Amino acid sequence: EISKDNEYLDFYGDLKEVKAYIKLCINFINPFTYYFINNALSKIVDVLDKIEKDYKEETTLNYEVKSVIELEKDIQELNSRLNGYQKKEIIDNKISTLSELIYTKCLRLERSYYKLKKEYKFQSYLNRLNDYFYLLSDYASKEM
């Protein structure tokens, strides 16, 4: 039995919430036009599933370095695409708004992760995840 104010429950709930919002975002994106975003979001959900399993079963899965590298590539892809839109007007839409919401949820997920006071093996990934959704929100408001 776990107390309702348990830090693990906060982390687990935040993790589930972020995954649900990302899956919703995937449903709003045209997979043919924005395949690189759809692909990146699907990879993110897979990594978050592994993080959930890792904490649920208290295992140690070795995937963090590879995941950070892949996420870094996706961030670079968004950055390179954003460079051409510096002067374009920003228009909020479903994807940009949802991405901004996911960004704020990722910030909360990262804070709840630190409260676990366990080994910070996902610190880099969760931090870069914030950056990805910040950029995605910006990209979506200019491109989509």
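The structure is a predicted model, in which local features need pLDDT of at least 70 and side-chain atom pairs count only at pLDDT 80 or more, while totals for chains, interfaces and linings use all residues. Residues are numbered from 1 along each chain as its sequence is written, and side-chain values use heavy atoms, with hydrogens and water left out.

**Stop 1: helix 3**

Select residues 64–82, which form helix 3; helices are DSSP runs of H or I with at least four residues, numbered from the N terminus. The end C-alpha atoms of helix 3 are 27 Å apart, which agrees with the 27 Å that 19 residues should span at 1.5 Å a residue. The expected span is 1.5 Å times one less than the number of residues.

Next, colour the buried residues of helix 3: Glu-64, Ser-67, Val-68, Leu-71, Asp-74, Ile-75, Leu-78 and Leu-82. Because they cover an arc of only 125° around the axis, they lie on the same side of helix 3; the arc is that of the directions from the helix axis to the C-beta atoms. Buried means under 20% relative accessible area, exposed over 50%, and partly exposed in between, with a 1.4 Å probe and protein chains only. An α-helix has 3.6 residues a turn, so residues three or four places apart point the same way.

Which exposed residues are on the face turned away from the buried side of helix 3? That face carries Val-65, Lys-66, Lys-73 and Gln-76. Now display helix 2 (35–56) and helix 5 (123–143), which are among what covers the buried residues of helix 3.

**Stop 2: Asp-131**

In helix 5, select Asp-131, which is partly exposed at 28% relative accessibility. The C-alpha atom of Asp-131 is 9.8 Å from that of Leu-71, although the two residues are 60 residues apart along the chain.

**Stop 3: the largest pocket**

Select Lys-43, Val-47, Lys-50, Ser-67 and Glu-70, which lie nearest the centre of the largest pocket among its 13 lining residues. Helix 2 and helix 3 are the elements that give two or more residues to this lining, and helix 2 supplies the largest share, six residues.

**Stop 4: Lys-105**

Finally, select Lys-105 in helix 4 (residues 94–115). Is Lys-105 buried or exposed? Lys-105 is buried, with a relative accessible area of 14%. Leaving aside residues up to four places away in sequence, Lys-105 touches Glu-17, Val-18 and Tyr-21, where contact means heavy atoms within 4.5 Å.

Methods
On a 1 Å grid over the protein atoms alone, a cavity is a set of points where a 1.4 Å probe fits but cannot get out, and a pocket is an open set with protein on both sides within 12 Å along at least five of seven lines; lining residues have an atom within 4 Å of a point.
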